[in-house]
Amino acid sequence: RGSLRFVIDDILDKYGKMVASGATSLWETVDAAEAFSRAGSLCHGWSAIFNYIAGAYILGIKPLEPGFKKFGFRPATAIMPVFEGTVPTPRGPISVSWNCMTDKKPKIDYPSGLTLAEM
């Protein structure tokens, strides 16, 4: 858990700076346009890894079969005890919300044709 906590904290710190600055896309580095002798990209594809990390490790939604036909749910409740979010799939979004301190079970909505695996 220690390394997962470090990774999530680092990602939230870096991407949080982008969001707090008003960014509407993900930068190549936290140095924004100043990076690489003022050639840093303010809309960079590899920065999209945050989207996967957020869905797979914070929300805990991971595909177990292609297209999320079968998916797992194992959120990082020790790190984020209150969360909500949506993961896009080819058949439609999987949405989850949970306040682990007050709710016994999470609220998970997903399209027909998808199956939530027992974890």
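Modeller: The protein has three helices and six strands; helices (H or I, at least four residues) and strands (E, at least two) are DSSP runs, numbered from the N terminus. Along the sequence the pattern is α-α-α-β-β-β-β-β-β. This is a predicted model, in which local features need pLDDT of at least 70 and side-chain atom pairs count only at pLDDT 80 or more, while totals for chains, interfaces and linings use all residues. Residues are numbered from 1 along each chain as its sequence is written, and side-chain values use heavy atoms, with hydrogens and water left out.

The C-alpha atoms fill a box of roughly 50 × 30 × 25 Å, taken along the principal axes. Of the 119 residues, 32% count as buried, where buried means under 20% relative accessible area, exposed over 50%, and partly exposed in between (1.4 Å probe, protein chains only).

The side chain of Ser41 reaches the backbone oxygen of Cys43 at 3.1 Å. That is a polar contact: a pair of N or O atoms within 3.5 Å, where within protein one must be able to donate a hydrogen and the other to accept it, and residues adjacent in sequence count only if both atoms are side-chain atoms. Ser41 also touches Trp27 and Glu28, leaving aside residues up to four places away in sequence; contact means heavy atoms within 4.5 Å.

In H3 itself, the buried residues are Ile53, Ala54, Gly55, Ala56 and Ile58. They pack against helix H1 (2–20), strand S1 (61–63) and strand S3 (82–87). An α-helix has 3.6 residues a turn, so residues three or four places apart point the same way. Just after H3, Gly60 takes a positive phi of about 80°.

Thr89 counts as buried because its relative accessibility is 12%. Its side chain reaches the backbone oxygen of Gly92 at 2.4 Å. Not counting residues up to four places away in sequence, Thr89 touches Gly67, Phe68, Ile94 and Leu114.
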